[in-house]
Amino acid sequence: MTDPRDEANDLNGKVAVVTGASSGIGAATARALAAAGARLVIAARREDRLTALADELEAGGGEVRTVAADLGTPAGAEAVVAAAAEAFGRIDVLVNNAGVMFLAPVEESDPNDWDAMIRVNLLGVMNASRAALPHLRAAGGGHVVNVSSVSGRFAGPTQGGYNASKWGVNGFSEALRREVHADGITVTLIEPGIVATELTDHIPHPATKTRYEGVVRGMDPLRSEDVADAIVYVVTRPKRVAINELLIRPLDQG
Ligand code: NDP
């Protein structure tokens with residue numbers, strides 16, 4: 001006879017919110033969570049992309065709502081969470097994934113790019129988590145998954161602003177984890193290495209962009225689906241299991 005304590009968290013009928021779902025890791029995560037049975041709220045700024053993804057998932061039998069919002073503002077983050085609660089009446093999983101990576105040497109960095117990285121990558125995670133907590137508690141517990149980066153652990157040239165934003169995500173996640181674990185809320189930090197996505201398209205410093213693209217070309221980078229798999233894995237463990245942190249790099253990245 002199986003021990004009920006070994007039962008995995010079942011996503012069937014559960015409600016998952018995925019930010020930054022209009023491309024890359026977020027879109028792949030939405031697909032993977034929908035395939036595992038979750039109902040979804042997907043958010044980002046590009047509404048056309050969200051609608052196309054929602055159509056695709058609904059054609060496969062999924063239940064999806066889209067929210068066009070700027071996660072870099074408290075109102076945007078709150079609107080995403082409120083829309084999810086209104087649409088489905090509960091929230092079980094929040095995947096804080098929206099992010100930007102404006103790499104440049106410190107002296108050549110645009111303060112507006114730093115501002116955007118802190119607002120979206122760090123404050124977006126904080127504001128969405130804050131707004132979601134009452135709903136996770138009301139559902140009897142739940143899961144916050146914060147997509148940080150290898151850059152939340154290892155710092156390097158041209159990454160100052162990005163490192164600062166992701167280092168912040170790591171600190172916030174650990175504080176939140178310790179604050180809410182007793183309420184049945186699990187907090188997991190996901191730290192991907194290089195993943196082939198649109199993230200690099202927006203690197204503002206030409207020499208940095210060229211160098212970064214060369215590094216990516218010289219390896220077999222992760223696919224968004226690899227990170228999505230990891231996210232589905234962490235949210236479907238038995239309830240007693242809390243994966244605090246997951247570092248996942250392409251084999252080639254060393
Ligand atoms: P993408 O550029 O493909 O995805 C980024 C997502 O974030 C998009 O859906 C984008 O949507 C959304 N986004 C950006 N700014 C905002 C905003 N202000 N409001 C709402 N949504 C926003 O890149 P990835 O999939 O690679 O990035 C996803 C996460 O993974 C990021 O947090 C990134 O830092 C992290 N990561 C990526 C790695 C990589 O190598 N690719 C490595 C480690 C971590 P839209 O533009 O429509 O708003």
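View 1. An oxygen atom of the ligand sits 3.0 Å from an N or O atom in the Lys 166 side chain. A polar contact here is a pair of N or O atoms within 3.5 Å; within protein, one must be able to donate a hydrogen and the other to accept it, and residues adjacent in sequence count only if both atoms are side-chain atoms. This is a predicted model: local features need pLDDT of at least 70, side-chain atom pairs count only at pLDDT 80 or more, and totals for chains, interfaces and linings use all residues. Residues are numbered from 1 along each chain as its sequence is written, and side-chain values use heavy atoms, with hydrogens and water left out. A polar backbone atom of Gly 20 lies 3.0 Å from a ligand oxygen. For Leu 199, a backbone N or O atom is 3.5 Å from an oxygen atom of the ligand. Alone, the ligand exposes 880 Å², of which the protein buries 96% (Shrake-Rupley method, 1.4 Å probe).

**View 2. The shell around the ligand.** The ligand is surrounded by 30 residues, each with a heavy atom within 4 Å. The closest are Ser 22, Arg 45, Arg 46, Tyr 162 and Thr 197. H1 and H5 each supply at least two shell residues.

**View 3. An open parallel sheet.** The sheet has 7 strands in the order E3-E2-E1-E4-E5-E6-E7, with parallel pairing. Strands (E, at least two residues) and helices (H or I, at least four) are DSSP runs, numbered from the N terminus; two strands pair if DSSP finds at least two bridges between them. E3 (64–68) and E7 (245–248) are the edge strands, each pairing on one side only. The twist averages 15° from one strand to the next.

**View 4. E1 beside E4, with helices on the sheet.** E1 (15–19) and E4 (93–96) pair in the parallel sense over 3 bridges. Ala 16 has Val 93 in E4 as its bridge partner. Helix H1 (24–35) packs on the sheet and touches E1, E2 (39–44), E4 and E6 (185–192); contact means heavy atoms within 4.5 Å. H1 runs at about 170° to E1, using axes fitted to C-alpha atoms, for helices over the stretch in contact, and angles from 0 to 180 degrees between N-to-C directions. Helix H5 (160–180) touches E5 (142–147) and E6, at about 160° to E6.

**View 5. Asp 113 in helix H4.** Asp 113 lies in H4 (111–138). Asp 113 counts as buried because its relative accessibility is 17%, under the 20% limit (1.4 Å probe, protein chains only). Asp 113 touches Phe 102 and Pro 204, leaving aside residues up to four places away in sequence.

Notes. Buried means under 20% relative accessible area, exposed over 50%, partly exposed in between (1.4 Å probe, protein chains only).
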